[in-house]
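Please have the sequence and the model open while I talk. I will go through some aromatic rings and then a pocket.

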Amino acid sequence: MIRVVLLATLAVTIIATTHAAEPVLPETVRAALNVRQVPDDSLSVFVQDVESGEIILSWNENIARNPGSAIKLVTTLAAIDVLGPAFTWNTDVYVLGSVDGDRLEGDLLLKGHGDPYLVTERVWQMLRQIRQLGIREIDGDLWIDDSYFAPEPHDPAAFDGQPLRAYNVAPNALLMNYKAVRYWFQPQADGGVRIWLDPPMENIAVNNRLKLKPGPCRGYQRGIAINANETLDEITFSGRMPSGCDLYAMDRAALSHNEYVYGLFLSLWRESGGEFFGGWRNTQVPEDTEPQLSFPSLPLADVITRINKHSNNVMARQLLLTLSAEVLGPPGTESGGRQVIGDWIEQNNLPLDGLVLDNGSGLSREARMTVAGMGAMLAYAWRQPFMPEFI
């Protein structure tokens, strides 16, 4: 028997099934709630056989609660239904000038259309394709067009006071590598700690004030404190790292979106043997201008797997703005994405009363949904031709 199981709770999440038709929580669930002093009415449960439609168990199923990252299932299901599992994003490349030999006498322009998975490896692949246009040296600047989205003003510290956490990164039409850097730490024999960045970014300054202390490799962030200036281009590490660590890594947000694109481009272009000494500027592509290269994303079916399996917030937010831009026209906005999903819910008669989608990622204090609504939505997904990709 195949079942859809959806739970939402204010304090704990416990998965349980029962064959009782009446709304009675299994004793094992009640016992677990009692041990943790969680009242029964703080839990919502909905268990349904998706083949027969039989409701196996329902408990407070129509109370709208904050679903956390489970709300990503709404965003991704609407997207795969509206856009199709084979939908792709393009990152367009414009050569603004003439190529003499292997030298571009002019500027290079990148225009993003919201690819949520333009990670370092895929940026490297894109740059290799630019190199295959015969360009090795660029004597102008890097121009950046991220006008396909119009995200709302974003304070990365607003949710939990952690502006450097990668899950707090805002969406952007030219998002690269989630705007995050992995910092690696390795103890040295002289009592210091070596730090390096992946990807290497020449426009990030690192102040290394870390020292070693004897002991096993444990403790919050291994004793490493991280602080950044307001523009996130100067990072200071301090504290005492245990000497028992061989290697330690942490991922943190850095720079502005455009500064990050520039820094990653600069690093990977030079790494591939290219030369570039220019700066960057934000711009918009003139109308009726055709790109020399369009670099496609992974298909949507693969992207939503990464969103849901890894609960990636900024990828989910990219998807919400993509729905807006693709259906209503650019620039994509959060409100536009909510409108598209609201229309999709209405067109498919989904009983999602009480839904508050907010930014579509679950990183929200305002998001609300009922487990009965989530169950109905997943039962709808089960009947669709794209069900295997979504599951």
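Y183 and F237 are both buried, where buried is under 20% relative accessible area, computed with a 1.4 Å probe on protein chains only. This is a predicted model, in which local features need pLDDT of at least 70 and side-chain atom pairs pLDDT 80 or more, while totals for chains, interfaces and linings use all residues. Residues count from 1 along each chain as its sequence is written, and side-chain values use heavy atoms, without hydrogens and water.

Y183 and F237 also form an aromatic pair (ring centres of Phe, Tyr or the six-membered ring of Trp within 6.5 Å). Their centres are 5.0 Å apart with 65° between the planes, which is edge-to-face, meaning over 60 degrees. Y183 sits in strand 8 and F237 in strand 12, residues 234–242, so the pair ties together parts 54 residues apart in sequence. Strands here are DSSP runs of E, at least two residues, numbered from the N terminus. Ring pairs join Y183, F185, F237 and Y248 into a cluster.

Strand 8 comes up again at the second largest pocket, giving 3 residues, the largest share of its lining. A pocket is an open set of points on a 1 Å grid where a 1.4 Å probe fits, with protein on both sides within 12 Å along at least five of seven lines; lining residues have an atom within 4 Å of a point. How many residues line the second largest pocket? There are 18, and N177, Y178, A180, R182 and D251 lie nearest its centre.

How values were computed: Helix = DSSP H or I, 4+ residues; strand = E, 2+ residues; numbered from the N terminus. Phe/Tyr/Trp six-rings, centres within 6.5 Å; stacked < 30°, edge-to-face > 60°. Buried < 20%, exposed > 50% of the residue type's maximum accessible area, 1.4 Å probe, protein only.
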